[in-house]
Amino acid sequence: MSQPSPGPETAAETLLDRLCDAGVLVAVDDRGGEAVAVTEAFHAEWRRRMDHLRDRDLTTYLALYRGADPDVLECAVSELGVVVAREGEPIGRWPSEAAMLADVAAYSLCDELVAGWHECPSAQRDELVARLRAFLDRCPTCGEAVVARERDERALPRLRCEGCGATLLDAGRE
């Protein structure tokens with residue numbers, strides 16, 4: 001008799017456990033409730049990778065993670081953000097180039113550190129690296145401070161760089 005596949009909640013808990021086991025996240029006591037934060041070691045290496053990737057063509061690295069030929073990827077940047085498409089079909093969206101840089105760096109690091117990273121569905125990996133942006137304190141592009149603001153009455157978080165104005169996280173639009 002085969003075991004049923006884990007549901008979304010179980011899969012998310014399994015991934016969370018893997019991230020903690022890999023030293024990506026650590027449980028913290030947040031005003032009496034349980035929360036997580038990125039470890040200092042992960043944050044330092046993530047920052048180093050963002051610095052390394054800053055002036056490079058991110059679509060080349062993105063192609064590696066998407067299993068695509070970088071020559072067929074198209075990157076469109078506008079005031080609405082960044083869209084990467086393969087043969088006209090969007091394969092990724094970010095609120096800014098800075099957010100894309102953070103995600104590519106986080107993805108490469110998780111790929112190395114997290115056991116079973118590729119066993120997780122692609123959409124789940126994408127969501128995870130996007131959520132890691134909530135832990136940024138400095139902009140991946142210019143290095144200035146990142147500030148959190150509530151976007152609207154629903155108290156959805158929005159992170160913006162004070163220096164270059166890049167949106168790093170906009171929970172109401174991602």
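Which residues of helix 3 (residues 58–66) are buried? They are L58, T59, L62, A63 and Y65. Buried means under 20% relative accessible area with a 1.4 Å probe, protein chains only.

## Basis

This is a predicted model: local features need pLDDT of at least 70, side-chain atom pairs count only at pLDDT 80 or more, and totals for chains, interfaces and linings use all residues. Residues are numbered from 1 along each chain as its sequence is written, and side-chain values use heavy atoms, without hydrogens or water.

## Helix 3

Helices are DSSP runs of H or I, at least four residues; strands are runs of E, at least two; both are numbered from the N terminus.

The buried residues of helix 3 pack against helix 2 (40–53), strand 3 (73–78), strand 4 (81–86), strand 5 (89–94) and helix 4 (97–113). Contact means heavy atoms within 4.5 Å. G67 follows helix 3, with a positive phi near 65°.

## Strands 7 and 8

Strand 7 (residues 157–161) and strand 8 (residues 167–170) run antiparallel, joined by three bridges. Strands pair if DSSP finds at least two bridges between them. R160 stands opposite T167 in strand 8.

The two strands form a hairpin with five residues between them. In the turn, G165 has a positive phi of about 80°.

Note on methods
Buried means under 20% relative accessible area, exposed over 50%, partly exposed in between (1.4 Å probe, protein chains only).
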